[in-house]
Structure formats: C-alpha cells, structure tokens
Amino acid sequence: MSILAAAAVSTGRLDLLPLRVSHAGEMALVLSDPALHAFTGGTPDTPQALRSRYRRMTAGSPDPQVSWLNWVIRLREESCLTGTVQATVGPSRHGPVAEIAWVVGTPWQKRGIATEAAKGLLAWLCGQGVHSVIAHIHPDHRASAAVATAAGLTPTGEWHDGEIRWHRGIGG
C-alpha cells in the first residue's frame with residue numbers, strides 16, 4: 001500500500017482542507033467548548049498545545065505502511081472553520097482500511113456539517129482504494145452514532161476501549 005496524502009475535498013457546503021499547523025489558532029476557538037470532551041475525556045487544547053499537536057500530526061505516521069490524514073472543515077457560506085475529520089489508513093488482509101473520526105464545534109452542531117463532512121471523507125477514501133472504514137463511538141454519544149448511520153456505517157457489537165466499533169465496506 002502506498003502512503004496517502006490528504007487532498008482538498010469539496011461537498012455541497014463544505015471544503016475539507018488538509019490540516020496545517022497554521023489552523024491551530026482558529027481551531028483552538030472552534031474546539032474550545034469542554035462539552036466536546038464529554039465522551040473522549042480531556043480538556044480543550046490551548047492554541048500552543050494545538051500547534052504542537054498539529055506539527056506531530058502533519059509530520060505523518062512513523063509507520064511507513066500507515067497514512068495519517070487530517071482535514072479541517074471549512075463552511076464556505078460563513079468562511080470559517082467548524083471542525084475536523086480524520087482517517088488513519090493502514091493495510092489489512094482484505095485491502096486498505098481506514099479508521100475515521102470527526103468533531104464539529106458546538107456553535108455549528110445540529111446543522112448536518114459532521115454528516116456532510118463524513119460522507120465527503122468516505123467518498124474521497126473510496127477513490128483512494130480504501131476497502132473499508134471503521135469508527136469507534138461511545139455508546140451514549142447519540143450524535144456521533146447518527147452521523148455514522150447517515151454515512152452508512154453500522155455497529156458491529158465489538159467493543160474497543162469502552163466504545164462500539166462501527167464498520168462500512170466502501171471499496172471493491
């Protein structure tokens with residue numbers, strides 16, 4: 001499997017832009033609500049901590065068979081960043097598999113942004129030859145479960161670190 005690089009993806013209302021360290025300042029504001037950590041734990045990052053984290057993320061995976069792909073979500077109409085989507089793509093015996101995740105800042109929730117971004121990400125991954133996607137979702141996180149369902153993922157009944165594994169085959 002060759003290493004993938006995030007490329008810009010456009011959907012009806014959104015631009016998924018490859019993550020850059022320079023996004024940290026605006027993203028620190030987008031992700032500043034402690035409620036965003038209710039299911040994942042932790043606290044919001046400061047702009048400095050987010051810059052450091054983004055440096056590590058954009059440097060790429062130390063494993064040459066794994067691609068770290070990260071995007072910020074830009075809502076074109078408001079010309080602002082609203083969240084992130086990410087995929088970690090690695091090999092499996094059936095072909096490339098991606099673990100995906102998303103987060104949308106509190107002011108932009110309940111507007112279909114996470115669903116639209118997740119669907120755009122899945123379409124892009126399919127075009128890259130990814131065979132299947134998985135997501136891990138806390139059993140009480142109804143909003144994320146709704147996004148996963150809308151994107152065609154289904155719960156598997158498998159658990160990982162207190163979260164349910166969801167799956168969807170996308171490639172052939």
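Author: Let's start with S144, which is buried at a relative accessible area of 12% (buried means under 20% relative accessible area, exposed over 50%, partly exposed in between, with a 1.4 Å probe and protein chains only). Before going on: this is a predicted model, where local features need pLDDT of at least 70 and side-chain atom pairs count only at pLDDT 80 or more, while totals for chains, interfaces and linings use all residues. Residues are numbered from 1 along each chain as its sequence is written, and side-chain values use heavy atoms, with hydrogens and water left out.

S144 belongs to helix α4 (helices, H or I with at least four residues, and strands, E with at least two, are DSSP runs numbered from the N terminus). Leaving aside residues up to four places away in sequence, S144 touches W102 and I137, a contact being heavy atoms within 4.5 Å.

Now the whole helix. α4 spans residues 142–150, and its buried residues are S144, A145, V147 and A148. They sit on the same side of α4, because they cover an arc of only 160° around the axis (the arc is that of the directions from the helix axis to the C-beta atoms). As a reminder, an α-helix has 3.6 residues a turn, so residues three or four places apart point the same way. Over on the other side of α4, R142 and A143 are exposed. After the helix comes G152, with a positive phi near 90°.

So what covers that buried side? The cover over the buried residues of α4 includes β5 (97–104), α3 (113–127), β6 (132–137) and β8 (163–169).

Strands from that list turn up in an open sheet of eight strands with mixed pairing, ordered β1-β2-β3-β4-β5-β6-β8-β7. Its edge strands are β1 (9–10) and β7, each pairing on one side only; two strands pair if DSSP finds at least two bridges between them. β6 and β8 are antiparallel, with six bridges, and H136 has R165 in β8 as its bridge partner.

H160 is bridged to E163 in β8. The two strands β7 and β8 make a hairpin with two residues between them, and D161 in the turn has a positive phi of about 50°.
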